[in-house]
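Welcome! Here is a short tour for someone meeting this structure for the first time. Please take a look at it before reading on.

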Amino acid sequence: MISQLKTIKKLALTVITAAITATNASAQDVMAALAPSDVKMKAIDTLMLHNIRNRENTSSPATSLYEEWSNKRVAGYTQEIPETFTVDLRHYSMPTTSRVVTSNYGRRWGRMHKGIDLKVYTGDTIVSAFDGKVRIVAYEGKGYGNYVVIRHNNGLETVYGHLSKHLVIENQRVKAGQPIGLGGNTGRSTGSHLHFETRLLGIAINPAFMFDFVNQDVKADRYIFRRSEHVAQSGSNTYQQPRRQATLTETAKTIARQAPAQPVQAPEAPVASNHANSEAPLPAASGDALSNGSYRVKAGDTLFSIARRFGMNVDELCRKNGFPTSHSLRTGEVLIVKF
């Protein structure tokens with residue numbers, strides 16, 4: 001009886017072992033059969049994520065960076081600025097075929113000129129620099145004139161100012177190279193040109209860091225924005241480039257304070273500069289030869305004659321005073337001729 005039980009037990013163990021082995025083999029076969037399906041599902045998931053991302057960029061480009069979509073202001077964002085952000089500059093288009101820069105990014109007459117001025121003629125075609133969506137189409141009489149702001153999929157926003165005509169509307173999708181306006185001379189401008197800005201979360205970035213206008217190319221495939229390269233203004237999340245030198249206005253004020261007291265003369269009407277956000281020079285002091293390296297323009301003076309008188313060329317004289325070589329002199333205007 002005991003031997004029969006042992007035999008039955010051994011037989012049962014053999015059957016159970018065989019069943020387990022068969023089950024494992026079957027499970028492995030099922031998993032092997034499902035493997036291609038898993039690969040297909042991953043591909044489908046990737047495609048779905050890609051489509052979702054495209055839909056988000058269509059409704060509001062760079063949603064991972066911007067918390068809002070506003071058609072009111074060029075700048076003024078209050079959200080946290082990332083420590084670093086990489087801007088993809090591939091698939092670009094130069095905003096204009098012009099290679100002539102008439103005014104660079106930087107301080108002009110005590111204020112920041114937050115873009116680059118490119119010589120264009122009224123009616124010249126201006127195009128979008130990257131794929132994106134038009135955020136603002138507006139007119140500003142004391143600044144940009146007719147202007148367009150586009151938010152791009154790469155996180156940048158570009159501003160196109162002084163246009164003679166808009167060719168797009170707000171919330172319109174545009175492609176790189178698509179016409180968005182015509183060059184002009186509207187707003188605060190004394191000559192036909194394009195005022196071009198590049199911004200990230202409202203922060204102005206020198207377009208020359210990314211675009212080579214002379215060679216009609218970008219400087220690299222990517223531009224790395226670093227928050228540490230900008231200085232926070234007190235009480236806000238607005239950033240600007242570090243101040244590197246005293247403004248012309250401050251220099252002129254110092255000269256005026258140190259010059260001998262003279263009878264007050266009525267100032268002449270200021271002449272607008274050829275770029276947005278500029279400031280007219282201070283009223284001239286009496287006498288043509290002033291102290292501290294300044295000179296008062298007399299009737300008949302030219303940029304060339306003044307430059308030669310003080311041992312410099314016209315370009316150097318214009319750089320010292322922060323105006324273009326096309327600047328028209330006014331009798332009584334005070335120029336900086338030495339620092």
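Over how many bridges do E10 and strand E12 pair? Strand E12 (residues 179-182) and E10 pair over two bridges, in the antiparallel sense.

## About the model

What you see is a predicted model, where local features need pLDDT of at least 70, side-chain atom pairs count only at pLDDT 80 or more, and totals for chains, interfaces and linings use all residues. Residues are numbered from 1 along each chain as its sequence is written, and side-chain values use heavy atoms, with hydrogens and water left out.

Helices (H or I, at least four residues) and strands (E, at least two) are DSSP runs, numbered from the N terminus.

## A three-stranded sheet

Let us return to the pair from the opening question. E10 and E12 belong to an open sheet of three strands, in the order E6-E12-E10 and with antiparallel pairing. Strand E6 (125-127) and strand E10 (165-166) stand at the edges with a single partner strand each, so one side of each is left without a neighbour in the sheet. Two strands count as paired if DSSP finds at least two bridges between them.

Within this sheet, Lys 165 stands opposite Leu 182 in E12. In general, strands of a sheet pair through backbone hydrogen bonds, either parallel or antiparallel.

## Aromatic pairs

The structure holds eight aromatic pairs. Rings of Phe, Tyr and Trp (its six-membered ring) pair if their centres lie within 6.5 Å; planes under 30 degrees apart count as stacked, over 60 as edge-to-face and the rest as tilted. One of the pairs is Phe 130 with Phe 211: the ring centres are 6.0 Å apart and the planes stand at 50°, so this pair is tilted. Phe 130 lies in the loop between E6 and strand E7 (132-140), while Phe 211 is in strand E15 (residues 211-212), so the pair ties together parts that are 81 residues apart in sequence. Both Phe 130 and Phe 211 are buried (buried means under 20% relative accessible area, exposed over 50%, partly exposed in between, with a 1.4 Å probe and protein chains only).

The rings of Phe 209 and Tyr 223 make a stacked pair, because their planes are at 25°, with centres 6.4 Å apart. Phe 209 is in the loop between strand E14 (203-205) and E15, and Tyr 223 is in strand E17 (residues 222-226), so this pair ties together parts 14 residues apart in sequence. Phe 209 is partly exposed at 39% relative accessibility, whereas Tyr 223 is buried at 11%. Elsewhere, ring pairs link Phe 130, Tyr 160, Phe 196, Phe 211 and Phe 213 into a cluster.

## Charges over rings

A charge sits over a ring if NZ of Lys or CZ of Arg is within 6 Å of the ring centre and within 35 degrees of the ring normal. The charged end of Lys 119 sits over the ring of Tyr 121, 4.9 Å from its centre. For Lys 133, the charged end sits over the ring of Trp 69, 5.0 Å from its centre.

## Positive phi and a contact in space

Most residues other than glycine have a negative phi. Ala 62 has a positive phi, near 55°, and it is placed in the loop between helix H1 (2-59) and strand E1 (84-88). Is Ala 62 buried or exposed? With a relative accessible area of 6%, Ala 62 is buried. His 91 also has a positive phi, near 60°, and lies in the loop between E1 and strand E2 (101-103). At 65% relative accessibility, His 91 is exposed.

Finally, look at Ser 294 in strand E20 (residues 294-296). Ser 294 is buried, with a relative accessible area of 4%. Ser 294 and Ile 336 are 42 residues apart in sequence, and 4.5 Å apart in space from C-alpha to C-alpha.
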